[in-house]
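I opened this notebook to record what I looked up, beginning with the overall fold and ending with the surroundings of the ligand. The entries follow the order in which I checked things.

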Amino acid sequence: MTYTALTRMVFGHVDARVVYAAVRLGVADALAAGPMPVEKLAETLDCDPDGLARLMRALVVLGLAEEPEAGQVALTGLGRPLCADHPESLRSAVLLTGHPATWRAWGALTDAVRAGGSAFRHAHGRPLFDHLPGDPDLAAAFHTAMGDGTGQVTEAVVRAYDFGAARTVVDLGGGDGTLLAAVLGAAPDARGVLLDREDGAARAAETLRRAVPPGRWSVRAGDFFTAVPAGDLLLLKGVLHDFGDRRCVDLLRTCRRAIAPDGRLLVLESVLPPRSAPDAAAVVLSDIAMLAWTGGRERTVAGFRDLLAAADFTLSGVSPPLAGTPTRILIATPS
Ligand SMILES: C[S@@+](CC[C@H](N)C(=O)[O-])C[C@H]1O[C@@H](n2cnc3c(N)ncnc32)[C@H](O)[C@@H]1O
């Protein structure tokens, strides 16, 4: 069998499991300070020495670890972002994508493609956001990964949009509060309100308490399809891609009722290029991840424009991609 690009894809799950094991067992964090003999690493992490030596060998062939001298192992530059303290850490993303509940959902992708609906629902019997409150381990992995991912674009967000004139910023489905904290930092005269489900709202309060003086923010637990707090700057980051078109229009209509006449709605999402091309891979594969996770989808600019128009918003601008990610800011005004 020739080891082709196709073979790599067929066995791609092995790479992902090796990376997950390295993070879950604490291998990456244990090597953050520098090289270590493999036996000492096995002892420190309470692992079977043979199993750990083989895991390390796999990390070496993947380019994530190296052997600076015989019997010693260290992380490479490629492997370092697996550590918790790396500024662009992917640790929480690995813990979420490798979580057993996530893997179970991916196992039902064929059902989702055949019958529609999210793979998560086929696998777990209920949608992701209804499942999270009863699965605290997955909820912690989910909200931590979302917050970390958002943290990696907040600087670019506050550079790309002038938040100075905002009075009341409302972050809908604001997750752990990372985005709202950054926006309030860039809009010193504004107040902020974050709405999320119970499990997200509890974490948001912790983040905002640490980052923003009291009196400038509040957190509400609730359902954004029912009603959203009034404001002149509404934020929806990573929310519309969680839902199909009909639910998005429902949500955008609740936003339309709540927004000030001179207000702005910022939609922060990855944007699909109009045609599939090699440079579209990240967003195209993220679209499949949405099918697996929530039954939502990624969209083109035209797709967002149509959704916004159906809820009486006009798309008035689109930022360039932020911080080397496919995320952009789509700016909408009430029509
Ligand atoms: C993909 S996460 C994005 C979180 C955050 N905006 C970010 O980008 O880091 C989607 C968020 O929407 C929240 N959410 C889902 N359904 C909701 C609903 N019906 N009402 C309020 N929040 C909801 C989830 O709890 C979650 O925090």
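**Entry 1, the whole protein.** I noted at the outset that I am working with a predicted model. I looked up the secondary structure and found 17 helices and 10 strands in the protein. For the overall extent I took the C-alpha trace along its principal axes, where the span is about 70 × 50 × 35 Å.

**Entry 2, H2 and H5.** Before turning to the helix pairs I reminded myself that two packed helices are described by the angle between their axes and the distance between the axes. I looked up helix H2, residues 12-24, against helix H5, residues 49-61, and found that their axes come within 10 Å and cross at roughly 120°. Angles of 65 to 115 degrees count as roughly perpendicular and those over 145 as roughly antiparallel, and H2 and H5 are therefore oblique to each other. I recorded the crossing of H2 and H5 as left-handed. On the H2 side the contact is made by Val 18, Ala 21 and Ala 22, and on the H5 side by Leu 55, Ala 58 and Leu 59. Sorting the residues of this contact by type, I got six nonpolar, no polar and no charged.

My next pair was helix H13, residues 178-186, with helix H14, residues 198-211, which pack at an angle of about 25° with their axes 9 Å apart. Angles under 35 degrees count as roughly parallel, and H13 and H14 are therefore roughly parallel to each other. I noted that the crossing of H13 and H14 is right-handed. Thr 178, Leu 180 and Ala 181 of H13 make the contact with Thr 207, Leu 208 and Ala 211 of H14. By type, the residues of the contact of H13 with H14 divide into four nonpolar, two polar and no charged.

For helix H15, residues 245-258, and helix H17, residues 301-310, I found axes that come within 8 Å and cross at roughly 50°, which makes H15 oblique to H17. H15 contributes Asp 245, Cys 248, Val 249 and Leu 252 to the contact, while H17 contributes Leu 307, Leu 308 and Ala 310. I sorted the residues of the contact of H15 with H17 into six nonpolar, no polar and one charged.

Which residues come nearest to the ligand? I found that, of the 19 residues around the ligand, these are Thr 150, Gly 173, Gly 175, Gly 200 and Gly 238. I then looked up the elements that supply the shell: helix H11, residues 136-151, and strand E5, residues 191-196, each give at least two residues. The largest share, three residues, comes from H11. By type, the shell divides into seven nonpolar, seven polar and five charged residues.

How values were computed: Residues are numbered from 1 along each chain as its sequence is written. This is a predicted model: local features need pLDDT of at least 70, side-chain atom pairs count only at pLDDT 80 or more; totals for chains, interfaces and linings use all residues. A residue is near a molecule or strand if its C-beta atom, placed from the backbone, lies within 6 Å of it. Helices (H or I, at least four residues) and strands (E, at least two) are DSSP runs, numbered from the N terminus. Ala, Val, Leu, Ile, Met, Phe, Trp, Tyr, Cys and Pro count as nonpolar, Asp, Glu, Lys and Arg as charged, and the others, Gly among them, as polar. Axes are lines fitted to C-alpha atoms, for helices over the stretch in contact, and angles run from 0 to 180 degrees between N-to-C directions. Two residues are in contact if their C-beta atoms, placed from the backbone, lie within 7 Å. A crossing is left-handed if the near helix is turned anticlockwise from the far one by less than a right angle, and right-handed if clockwise.
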